[in-house]
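Please walk me through this structure.

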Protein chains: 2
Amino acid sequence: MKTKPQTAARSGPRSECPINAAVEVFGDRWTLLVLRDMIFGDRRHFRQLQAGSEEGIASNILADRLAKLVEAGMLTRDAPGRGRRATYSLTEPAIHLVPTLAHLGAWGVRHRPTTPDRRAGAEWLLAAGPRFWDDFMAELRERHLGIPRPESAEPPPSQRMAAAYAHALAEKQAADQGDA
Amino acid sequence: MKTKPQTAARSGPRSECPINAAVEVFGDRWTLLVLRDMIFGDRRHFRQLQAGSEEGIASNILADRLAKLVEAGMLTRDAPGRGRRATYSLTEPAIHLVPTLAHLGAWGVRHRPTTPDRRAGAEWLLAAGPRFWDDFMAELRERHLGIPRPESAEPPPSQRMAAAYAHALAEKQAADQGDA
């Protein structure tokens, strides 16, 4: 990786490295957690995102990260009428984070302390693999971008994920009780 | 994702979500870039990491992130003799970030501005897929952890990556000149 002139680092991205380009957008834990909650938690409104935040995000941080995500083209914010709450939607780049988040979750399961139910969810999402991620991204495109997803006899991916998650959770808890 | 009492958020990870557990370790752009340079740039020493930093990392930030990564169990630092420079090694959790970084790079290629050579490298790494990532992680384990990798008639993955990268770069540049 060749070095580049310091002067060049002052404008635009600090390098053309794709990994750097990515982390410049969401190389911030709260930013990634907001995207996680919108993608997997289907939260579209400020209050949902704050009240539902498992990590207890502060409202000023949430407001700042939402504004930055809109500015970066990761989210769009509708212009609501007087007294109506704004709705945030994922853009294609944000939707396309699903495979990365699946791997990030799998890493967390393997190398950091988590709980059985959370392991079950993340392990299932990784095992489901690219084909499921594609289906889930198609569902997100339908919900956030209004792009109809291909006809399918199967229930929506989010429902399959929830069902598989409940099943994996039950199995995991039984197994853990067996261990104890 | 159920909310948890604010009090619980004060000690240890703020939640048991595997994605949160992961971003609490490297949910910081400089942290991830240091790991990127150690994994893909084979940098083991402070000076290499600073002088070679394409993003121009400041020495105080580099020192802080290296210390945090050691504390988090992502790196180990040897205890050098007087006047000898310290060598940093990746731990298994850090080595296991390869698939996540491959997806992060692929996302950056697709959704952020990059240069043809960088696109070529990241696109190749994603296309190489899980089997190559496993081989590359085995090479990293050998180099950083002293765990011999399985006998193989193939050259080391890092060499295959460099060769494929040079080839992809040449093709990409030819194609881009064709576009112009």
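## The model and its conventions

This is a predicted model, where local features need pLDDT of at least 70, side-chain atom pairs count only at pLDDT 80 or more, and totals for chains, interfaces and linings use all residues. Residues are numbered from 1 along each chain as its sequence is written, chains are lettered from A and ligands numbered from 1 in the order in which they are written, and side-chain values use heavy atoms, with hydrogens and water left out.

## Two chains, one axis

Two copies of a chain are related by a rotation about an axis and a shift along it. Here, a rotation of 180° with 0.0 Å of shift along its axis places chain B on chain A, with an RMSD of 0.0 Å. That is how a two-fold axis relates its copies. The same surface serves both copies, since 100% of the contact residues of chain B recur in chain A. The superposition is by least squares on the C-alpha atoms of residues with pLDDT of at least 70 in both copies.

## The interface

Chain B gives 58 residues to the contact and chain A gives 59 residues. Contact means heavy atoms within 4.5 Å. The area buried between chain B and chain A is about 5300 Å², and carbon and sulfur atoms give 64% of that area. Buried area is the accessible area (1.4 Å probe) that two parts lose on being put together, summed over both.

Four salt bridges are counted between chain B and chain A. A salt bridge is a side-chain nitrogen of Lys or Arg within 4 Å of a carboxyl oxygen of Asp or Glu. E24(B) and R29(A) meet in a salt bridge through their side chains, at 3.1 Å from N to O.

On the side of chain B that touches chain A, the elements giving two or more residues are α1 (18-26), α2 (29-40), α5 (92-95), α6 (98-111) and α7 (116-145) of chain B. The largest share, 11 residues, comes from α6(B). Helices (H or I, at least four residues) are DSSP runs, numbered from the N terminus.

## The nonpolar core

How many residues does the largest nonpolar core have? The number is 74, and F26(A), L35(A) and F26(B) have the most contacts inside it. A nonpolar core is a set of buried Ala, Val, Leu, Ile, Met, Phe, Trp, Tyr and Cys residues joined through side-chain atoms within 4.5 Å. Buried means under 20% relative accessible area, exposed over 50%, and partly exposed in between (1.4 Å probe, protein chains only).

Not counting residues up to four places away in sequence, L35(A) touches F26(A), L69(A), M74(A), L75(A), L90(A), A94(A) and L97(A).

## Salt bridges within the chains

Side chains of opposite charge can pair when their charged atoms come close. Over all chains the count is 30 salt bridges. R43(A) and D37(A) form one of them, at 3.3 Å from N to O. R43(A) is buried at 9% relative accessible area, and D37(A) is buried at 3%.

R141(A) pairs with E92(A) in a salt bridge at 2.6 Å, N to O. R141(A) lies in α7 of chain A and E92(A) in α5 of chain A, so the pair ties together parts 49 residues apart in sequence. E92(A) is partly exposed at 21% relative accessibility. In chain B, R141(B) forms a salt bridge with E92(B), with the closest N and O atoms 2.6 Å apart.

## Residues to look up

Most residues other than glycine have a negative phi. D42(A) has a positive phi of about 50° although it is not a glycine. D42(A) sits in the loop between α2 and α3 of chain A, and is partly exposed at 35% relative accessibility.

E139(B) lies in helix α7 of chain B and is buried at 7% relative accessibility. Leaving aside residues up to four places away in sequence, E139(B) touches R149(B), P156(B), P157(B) and S158(B).
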